[in-house]
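Hi,

Here is the structure I promised to pass on. Have a look at it first, and then read my notes below.

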Protein chains: 2
Amino acid sequence: MATKNETTIKAEPGTQEIFITREFEAPREIVFKAFTTPELIVQWVGPCNLTMRLDKFEPKAGGSYRYVHIDPAGNEYGFHGVVHEVLAPERIIQTFEFEGLPETGHVVLETARFEALPGDRTRLTMQSVFQSVTDRDGMMQAGMEYGVKDSYNKLDELLATALVN
Amino acid sequence: MATKNETTIKAEPGTQEIFITREFEAPREIVFKAFTTPELIVQWVGPCNLTMRLDKFEPKAGGSYRYVHIDPAGNEYGFHGVVHEVLAPERIIQTFEFEGLPETGHVVLETARFEALPGDRTRLTMQSVFQSVTDRDGMMQAGMEYGVKDSYNKLDELLATALVN
């Protein structure tokens with residue numbers, strides 16, 4: 001299963017978007033729950049060497065969120081956004097901004113789509129649309145790939161436990 | 001002035017964004033006020049032959065909005081979104097969705113930038129980033145150009161009155 005459920009990251013040259021695709025060994029309702037439940041999301045979002053603290057989490061249309069990743073030295077990396085749509089169990093659309101950039105106002109539109117597959121499996125497609133190709137390339141060069149793969153590997157482990165069922 | 005302050009709409013082929021640029025004969029604080037005051041915004045947003053009703057308008061980070069354009073026959077066209085950032089008097093970042101599409105989930109990330117020019121004038125740059133080139137082209141083909149130009153011409157007239165000062 002570890003080789004079957006690979007994380008695919010597609011960023012076509014010259015475009016201002018990233019597509020991430022990943023399959024999971026769990027029904028769509030369960031994967032969706034892991035994205036929208038505060039006690040669960042802190043267990044899997046982010047690189048393996050960081051912990052996560054939720055300051056605000058309102059997974060509904062008109063809601064907001066803010067979370068912080070904390071490294072072993074205690075440094076904090078903040079992220080926040082607003083939620084345009086939560087359509088259970090198939091779609092979440094929200095904005096995303098990393099607070100550690102030199103200036104504010106660099107915002108991403110994220111669309112997560114959850115597709116039910118045969119055998120109680122789920123395919124997640126995450127689209128991130130940036131305000132510019134430069135912003136998109138900056139995100140790729142910042143090593144987001146490792147954080148994303150770590151996150152989904154942790155989610156895999158979480159889905160295999162009884163916690164989310 | 002009518003020829004000087006033209007609305008420029010740029011949609012490069014193959015990209016998923018639209019840039020609209022327009023200058024106004026008013027200071028930046030006043031133009032910004034016209035974008036963030038409910039009594040003012042209903043007077044200028046939308047095509048000339050439609051009226052506008054605000055159902056919800058919260059111009060602040062974490063806020064939401066919904067408005068309706070109404071044609072002479074009484075047909076209603078709804079729009080809504082969430083507000084990521086309102087940085088007075090220079091920037092507004094929000095999502096935008098037209099409720100009249102065959103399916104929901106086609107969302108736009110809008111960034112409005114207000115630049116102070118010499119002579120108490122203001123340059124507005126509005127960027128709309130779409131989830132796909134197809135969505136972007138659909139918006140262009142729907143005739144958004146006329147609505148945008150009508151809106152800014154109405155705003156021009158409003159800025160020339162004492163109402164916003």
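A disulfide here is a pair of cysteine sulfur atoms within 2.5 Å. By that rule the structure, which is a predicted model, holds zero disulfides over all chains. As for the cysteines I looked at, C48(A) counts as exposed because its relative accessibility is 53%, with exposed meaning over 50%. C48(B) also comes out as exposed, at 53% relative accessibility.

Now to the place where the chains meet. On chain A, 26 residues are in contact with 26 residues of chain B. Together the two chains bury about 1,900 Å² between them, and carbon and sulfur atoms give 54% of that area.

What holds hands across the interface, in terms of atom pairs? The rule finds twelve residue pairs in polar contact between chain A and chain B, both residues at pLDDT 80 or more. Salt bridges across the interface of chain A and chain B, on the other hand, number zero.

And which parts of chain A touch chain B? Four strands each supply at least two residues to that side: β5 (76–87), β6 (91–98), β7 (108–117) and β8 (121–129). The largest share comes from β5(A), with six residues. By type, the residues on the side of chain A that touches chain B divide into twelve polar, nine nonpolar and five charged.

Cheers

Methods. Residues numbered from 1 in each chain as written. Chains lettered and ligands numbered in written order. Predicted model: local features only at pLDDT ≥ 70, side-chain atom pairs only at ≥ 80, totals over all residues. Heavy atoms only, no water. Contact = heavy atoms within 4.5 Å. Buried area = accessible area lost by both parts, 1.4 Å probe. Salt bridge = Lys/Arg side-chain N within 4 Å of Asp/Glu carboxyl O. Polar contact = N/O pair within 3.5 Å; in protein donor to acceptor, adjacent residues only side chain to side chain. Nonpolar A, V, L, I, M, F, W, Y, C, P; charged D, E, K, R; others polar. Buried < 20%, exposed > 50% of the residue type's maximum accessible area, 1.4 Å probe, protein only.
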